[in-house]
Structures are given as C-alpha cells and as structure tokens.
Amino acid sequence: PRTHATRVALVTGAASGIGKAVATRLAAEGACVVVADLDLEKARAVAAELGGTDVAIGVSANVTDAAQVKAAIDEAVLAFGGLDLVVNNAGLSLSKPLLETTEADWDLQHDVMAKGSFLVSKAAARVLIEQGLGGDIVYISSKNSVFAGPNNIAYSAAKADQAHQVRLLAVELGEYGVRVNGVNPDGVVRGSGIFASGWGANRAKTYGIPEEDLGRFYAQRTILKREVLPEHVANAVFVLTGPELGHTTGLHIPVDAGVATA
Ligand code: NAD
C-alpha cells in the first residue's frame, strides 16, 4: 500500500474548518491536495497556504451539482495525474426544532450532505475503479448520525444518511480495494464556519449559555473534558486512510472526546 506522500487527495468544503485542517494534514504528509469548495477564492487561498500549485490547487465545486463535481475530480486527475483519496466534508447546519424546520431547510441539508457526498463518491469511485490501485473515501459525518440531540432533525437525518453510505459503499467498493470509512466529530467550535454562522448562537440558546462559552460547554460534557479542534478530526482522517489500517473498512471513528452512553 502507498503512503500519503505518494497520494492525491480531494477534500470537499476544504476552504474552512475541519476540511481545511484535513487538507493541511494530508499536504503536510506529502500528499497532493485538491481543495474543493463553494468558495473558490478561499479554496485558492488555502491551496496557496499549503504550498502552491505543485502540491495543492483550489477548485470551485458545489457538491450538489454533478457536473461541477465531475469537473473537480477531472481537475485533480489533470493536475496531479490521478486520485487516491476523497474526503466528503462539505456541509452546513441549520439548527431548528421540528416545527420551525422548513422543507427548504430539509432539502438544503440533504442536498449538500446526503446527495452531495453520493455524487462525490460516485464520481471518485469511477476514477478509482478505472485506475485499479484501490483508494480511500472518507465521510465526515457526525456524532449526530448516531445520537439524538435537540433541534436538529434535518441535519442529523442527513448525517445518518452519510453514515449509511459509508457502510453501503464499503461493501460495494471493497472488491476494488477501495476502503470507505467515516469520522464522527462533535463540538468543534473553534475554527468552524458552521458554528460562526448561526449554529453556534442557536446551540447556545438551546443550552441556555452565552455563545462564547460554547467550546468550554462542549468540552465539559465530554468524558475526557477536552475541547475537540479541527486538527483532531484531521488526525483521524490521516490514520484511517494510512496503510496501517489497510484492513479496516466501513468503520466510523468518533472524535468527540467521549460521549457517555449509560
Ligand atoms: P465549516 O463551515 O467551517 O466548513 C464547511 C465548508 O463546506 C465551508 O467551507 C463551505 O463553504 C463548504 N460548503 C458548504 N456547502 C457546500 C457545497 N454545496 N459544496 C461545496 N462546499 C460547500 O464547517 P465545519 O465545522 O468545518 O464542518 C465540516 C464538516 O464537518 C461538515 O460536514 C459538518 O457537518 C461536519 N461536522 C462538524 C462538526 C463540528 O462540531 N464543527 C461536528 C460534526 C460534524
């Protein structure tokens, strides 16, 4: 199996937060990285930070649009000669109680996370199968795909959809040596655009605490009492896609500092 230093990775939603941390870690390990995002300027800026066009390029791709997804995958192959690793990270969250959740809220979150990662995985799988070298697909799902919390039915249902895609594709793509795994983060407040753009304020309201205390609040309710940062999620992606876990597929790794279940 090849190490990250010889691989080409594409990360969706990599202009910000967890995706940016994943792209940064993979580039630090020597991978060539395609930073794909809705926001082209930010994607290009992240790619430039990673070292410029020899090691990273920024591309614009709305993951809900099959043609844009295909174009991004084609650009990866054109720029770096192949594709080995894809991370379905693009996402957004509108935290609302059931009675305030509109059809548009439901559709948007399912379009970006459930349909978007289906489209990305499909376009990537076509290339991975054709290359015949195996590969990795990783989903950044969520603790919310497994545990039920208040005021986020549309988001959590879309995350649960992603989690099942991991299992389904692990089965379907195994014969091609393509491993499909997931990471379930929780409480990544610092650096997260999702938290900055409304979700944080909403969660703070739900829990009755000031928004600036949210990182500490999440940390305090974990088993380890530790705050989860984007880098910790990136560590999990690195380990999951490395040769040492070459016999693991269909797995979800929680990166949530521990959740008490009893
Ligand atoms: P973020 O807002 O910092 O990053 C999300 C990125 O996705 C943004 O750059 C955004 O432009 C991009 N994006 C949104 N819609 C897109 C689309 N249609 N096409 C392409 N790109 C698009 O948020 P984050 O906290 O880093 O979240 C990243 C992922 O991690 C999401 O899937 C999120 O659900 C998941 N996650 C986050 C947490 C957390 O605590 N922050 C917890 C569990 C899961």
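How far apart do the C-alpha centres of domain 1 and domain 2 lie?

Analyst: The C-alpha centres of domain 1 and domain 2 lie 23 Å apart. This is a predicted model: local features need pLDDT of at least 70, side-chain atom pairs count only at pLDDT 80 or more, and totals for chains, interfaces and linings use all residues. Residues are numbered from 1 along each chain as its sequence is written.

Domain 1 covers 4–186 + 229–254, and domain 2 covers 187–227. These bounds come from an automatic or database domain assignment. Their contact takes 13 residues from domain 1 and 12 residues from domain 2. Residues are in contact if their C-beta atoms, placed from the backbone, lie within 7 Å. On the domain 1 side, α1 and α8 (230–240) each supply at least two residues. Helices here are DSSP runs (H or I, at least four residues), numbered from the N terminus. That side of domain 1 divides into seven nonpolar, five polar and one charged. Ala, Val, Leu, Ile, Met, Phe, Trp, Tyr, Cys and Pro count as nonpolar, Asp, Glu, Lys and Arg as charged, and the others, Gly among them, as polar.

Now the ligand. Both domains give residues to its shell, so the ligand lies between them. The ligand is surrounded by 31 residues; the closest are Gly 13, Gly 17, Gly 91, Ser 192 and Gly 193. By class, the shell holds 13 nonpolar, 15 polar and three charged residues.

Definitions and conventions. Near = placed C-beta within 6 Å. Contact = placed C-beta atoms within 7 Å.
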